[in-house]
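Please take a moment with the sequence and the model before reading on.

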Amino acid sequence: MKTYVFDVDGVLCDINCNINPEFRDWFIDWSKDKEYYIVTGGERQSTINQVGIEIVNNAKTQFHCMGNHVFIEGREYKLNQFTLRPEEMYWLNSYIQESPYHIKTGTHIEQRTGSLNVSVVGRNATTSERNDYIEWDRKYNERKILAIEFVKQFPRFEAYLGGNTSIDICLRGANKGSCMNLIQYNQQDTIFFGDKCTPGGIDFPVIRYVRKYIQINNGYNETWEKLRTL
């Protein structure tokens, strides 16, 4: 039996969007005789808001916050929680304030269960402001530099590109790949769908656990197309 593991944002829905209603209904029907898991960097409530409670609850196990907030058969587990030390918080705030990017909208650092989301433009950004930052980051690679420099300064952490305007930080070893240790699967028959599967991306740690993965570049439509062929 095949095992399916899905990222959510950018895979089951377009980035920062809710799931397409037609795809949602198709996916629910398709998955009735399937075993699948969700592994996302986002929080549980935001995942429910994006794809709906039925898709979330029908997953055999739900891994939120890079796999550090886990729901197994209705039971909740919080793993690898941490608090930033004063020098770590100061470093991040200084980086954000000193960034040459000209728009800063607020809510730049968000503590999650076992992870941290950091955005220079801020989580309060409008769609237009987000798009502007995306273009700017493509040119200057600010997020990549931020992730590399933070881990260099504070090696107890790992940092990955998540979404398209932020980075996700976790304790060393507490990344998405650790989720696979809690999944009973046959490596040969497991398929992972992710949109950040290249080095530095939040899905990259999963790749070493599976022989087959599908890099999604064009959102849910591509996922839908791939699932139809399996």
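## Briefing on the predicted model

Serine 115 lies in strand E7, which covers residues 115-118.

**Buried positions**

- Serine 115 has a relative accessible area of 0%, and because buried means under 20%, serine 115 counts as buried.
- Apart from neighbours within four places in sequence, serine 115 is in contact with Cys65, Met66, Phe82, Glu110 and Ile169.
- One of those contacts, cysteine 65, is found in the loop between strand E3 (61-64) and strand E4 (69-72), and cysteine 65 is itself buried, with a relative accessible area of 1%.
- The phi of cysteine 65 is positive, about 55°, although cysteine 65 is not a glycine.
- Most residues other than glycine have a negative phi.
- Threonine 47 has its place in helix H2, and at 1% relative accessibility threonine 47 counts as buried.
- When neighbours within four places in sequence are left aside, threonine 47 is in contact with Val8, Ile38, Thr40, Gly42, Gly52, Val56 and His64, and with histidine 64 there is a polar contact between the two side chains, at 3.5 Å.

**Exposed and partly exposed positions**

- Proline 86 lies in helix H4 and is exposed, with a relative accessible area of 67%.
- The C-alpha atom of proline 86 is separated by 25 Å from that of glycine 42, and these two residues are 44 residues apart along the chain.
- Threonine 107 is found in the loop between helix H4 (86-98) and strand E6 (109-112), where, at 40% relative accessibility, threonine 107 counts as partly exposed.
- Not counting residues up to four places away in sequence, threonine 107 touches Gly122, Arg123 and Asn124, and a polar contact of 3.2 Å joins the side chains of threonine 107 and asparagine 124.
- Between threonine 107 and valine 121, which are 14 residues apart along the chain, the C-alpha atoms are separated by 8.9 Å.

**Helix H5 and the residue that follows**

- Helix H5 takes in 14 residues, 127-140, and at 1.5 Å a residue these should span 20 Å, which agrees with the 20 Å between its end C-alpha atoms.
- The buried residues of H5 are Arg130, Tyr133, Ile134, Trp136 and Asp137, and the buried residues of H5 pack against helix H6 (142-153).
- Asparagine 141 follows H5 and lies in the loop between H5 and H6.
- The phi of asparagine 141 is near 55°, a positive value in a residue other than glycine, and at 40% relative accessibility asparagine 141 counts as partly exposed.

**Helix H8**

- In helix H8 (residues 219-229) the buried residues are Gly219, Tyr220, Glu222, Thr223, Trp224 and Leu227.

**The largest pocket**

- The largest pocket has a volume of about 580 Å³.
- Of the 32 residues that line the largest pocket, Asp9, Asn16, Gly42, Arg112 and Arg123 are the closest to its centre.
- Helix H2 (44-51), E6 and strand E9 (166-171) each supply at least two residues of this lining, and the largest share, 3 residues, comes from H2.
- By residue type, the lining of the largest pocket divides into 5 nonpolar, 16 polar and 11 charged residues.

**The second largest pocket**

- About 460 Å³ of space lies in the second largest pocket.
- This pocket is lined by 17 residues, and those nearest its centre are Asp137, Asn141, Arg143, Leu161 and Lys196.
- The elements that give two or more residues to the lining of the second largest pocket are H5, H6 and strand E8 (157-162), with the largest share, 4 residues, coming from H6.
- The lining of the second largest pocket divides into 6 nonpolar, 6 polar and 5 charged residues.

Terms used
Residues numbered from 1 in each chain as written. Predicted model: local features only at pLDDT ≥ 70, side-chain atom pairs only at ≥ 80, totals over all residues. Heavy atoms only, no water. Buried < 20%, exposed > 50% of the residue type's maximum accessible area, 1.4 Å probe, protein only. Contact = heavy atoms within 4.5 Å. Polar contact = N/O pair within 3.5 Å; in protein donor to acceptor, adjacent residues only side chain to side chain. Expected span 1.5 Å × (residues − 1). 1 Å grid on protein atoms, 1.4 Å probe; cavity = no way out; pocket = protein on both sides within 12 Å on 5 of 7 lines; lining within 4 Å. Points joined across faces, edges and corners; volume = space filled by probe spheres on them. Nonpolar A, V, L, I, M, F, W, Y, C, P; charged D, E, K, R; others polar.
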